[in-house]
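Here are some notes for a colleague who will be looking at the model alongside the text. Please read the numbered points with the structure open.

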Amino acid sequence: MVRKLKIDGIDKIIIKRLVNDARTPILSIAREVGISGAAIHQRLRKLEESDLIEGYKMVLNPKALGYTTTAFVGVFLDSASLYSSAIKRLKEIPEIVESHYTTGNYAIFIKILCKNNEDLMHLLNKDIQTIKGVSRTETFISLDQQIDRQIKI
């Protein structure tokens, strides 16, 4: 049974500040909400233990690394029984940054970052479509990303 986590106003302020900038000093947040830095650390530990906070990470800008093409690819499989082996092979392709097991037409929906359209075409033809069990793919190239956010708390 899933236990409902209770989050108060102070927890919400802590979360909002750190989601906005994970490098925000704990003492800065403590002064804002009027409690000690140790109390902030205790609250964060509670939120981490509850699995609300999955982790802390640095976010890279793919374009600064030359990855200018973002594509979403629907992968059709010959059989659902080939899902695990297809995922194992897809994990070997570093340009694939997300993978989702979906309902609907595709067995797998992936997000790919490539240097350009030519690299994307090579990746599709030589790496993805040659995986045993992949019958075909359908590709959508992203022209621009307008929304990139965390779930609101």
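**Notes on the predicted model**

1. The C-alpha centres of domain 1 and domain 2 are 38 Å apart, where domain 1 covers 9-50 and domain 2 covers 62-142, with bounds that come from an automatic or database domain assignment.

2. This is a predicted model, in which local features need pLDDT of at least 70 and side-chain atom pairs count only at pLDDT 80 or more, while totals for chains, interfaces and linings use all residues. Residues are numbered from 1 along each chain as its sequence is written, and side-chain values use heavy atoms, with hydrogens and water left out.

3. The chain has five helices and four strands, in the order α-α-α-β-α-β-β-α-β from the N terminus on; helices (H or I, at least four residues) and strands (E, at least two) are DSSP runs, numbered from the N terminus. The radius of gyration of the chain, taken over C-alpha atoms, is 21 Å, well over the 15 Å of the globule rule (2.2 Å times the number of residues to the power 0.38) for 153 residues, so the chain is more spread out than a compact globule.

4. Asp11 is in helix α1 (residues 9-20) and is buried, with a relative accessible area of 1%, where buried means under 20% relative accessible area, exposed over 50% and partly exposed in between (1.4 Å probe, protein chains only). Leaving aside residues up to four places away in sequence, Asp11 touches Lys6, Arg43, Lys46 and Leu47, contact being heavy atoms within 4.5 Å.
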